[in-house]
Amino acid sequence: AEYMGVGVRLGIFAQPMRTLCRFLTTRPPVAPTIRIPGVKYVVGVTSAKGGVGKSTTAVNLAVSLRLLGASVGLVDADLHGPSIPRMMNLNAAPQVTADNRLIPLENHGVKVMSMGFLMEQDKALIWRGPMIQKALWQLFMEVSWGQTDVLVVDFPPGTGDAHLTMIQRVPLSGVLVVSTPQDVALNDARRGAAMFKQLNVPVLGIVQNMSVFVCPHCKSSTHIFGSDGARNTAKVSL
């Protein structure tokens with residue numbers, strides 16, 4: 001699949017995605033106080049540091065799971081910096097059902113909902129905590145998701161109020177932590193993973209992004225940010 005110049009090569013992601021599918025299908029659904037209507041499993045994609053490719057990973061995960069046959073939704077929970085609409089090449093305003101639920105937009109077979117669909121493109125979102133909590137509630141609970149096997153959530157960077165709201169109110173089956181290989185990013189990744197573990201949310205693993213640069217001319221590989229940082233962190237922290 002191609003979207004905004006980003007290609008999903010299922011050959012690379014097939015085995016990790018099948019492993020994740022097996023994990024989800026063998027794990028009983030979380031039984032929270034409140035469930036998202038029609039959604040079986042909710043998987044968060046998070047990073048305590050911005051700029052490590054978290055949103056790109058969330059999109060790749062959602063599209064790859066769809067290519068493997070799952071019914072998939074994608075929530076852009078980064079209210080202050082929504083990038084999923086551009087990555088999924090979607091920019092229309094969502095329609096509303098007769099019972100006042102938002103109908104998610106769709107591309108590549110993935111249902112998508114983002115605050116970016118509901119606000120002007122260049123307008124800054126200047127909201128306090130209660131307004132953020134209400135908006136997150138609407139993105140999850142007031143959307144017509146239909147029957148969805150996996151709902152992928154692109155978390156905002158950091159470990160703040162929005163994260164606590166989602167952990168306490170959204171039935172998370174687990175989270176993936178995204179990091180780049182260097183220590184400055186891994187330190188934050190460890191803190192992010194520790195927060196979810198402390199709040200009893202399973203950490204499914206650490207995704208190492210930007211691991212290697214392959215020269216388009218000579219095809220040699222260069223580890224610009226180092227190598228195996230996420231692998232070593234996962235062995236110690238998970």
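**View 1. Thr46, a buried residue of strand β3 in a predicted model**. Thr46 has a relative accessible area of 3% and therefore counts as buried (under 20%, where exposed is over 50% and partly exposed lies in between, with a 1.4 Å probe and protein chains only). Apart from neighbours within four places in sequence, Thr46 is in contact with Lys54, Phe155, His163, Val175, Leu176, Val177, Val178 and Phe196 (contact being heavy atoms within 4.5 Å). The model is predicted, so local features need pLDDT of at least 70 and side-chain atom pairs count only at pLDDT 80 or more, while totals for chains, interfaces and linings use all residues. Residues are numbered from 1 along each chain as its sequence is written, and side-chain values use heavy atoms, leaving out hydrogens and water.

**View 2. The open sheet of seven strands**. With mixed pairing, the strands follow the order β5-β6-β4-β7-β3-β8-β9 (strands being DSSP E runs of at least two residues and helices H or I runs of at least four, numbered from the N terminus; two strands pair if DSSP finds at least two bridges between them). At the edges stand β5 (105–107) and β9 (203–208), each of which pairs on one side only.

**View 3. The pairing of β5 with β6**. Strand β6 (residues 110–114) and β5 are joined in the antiparallel sense over three bridges, and Glu106 has Lys111 in β6 as its bridge partner.

**View 4. Phe213 in strand β10**. This strand covers residues 213–214, and Phe213 is partly exposed, with a relative accessible area of 41%.
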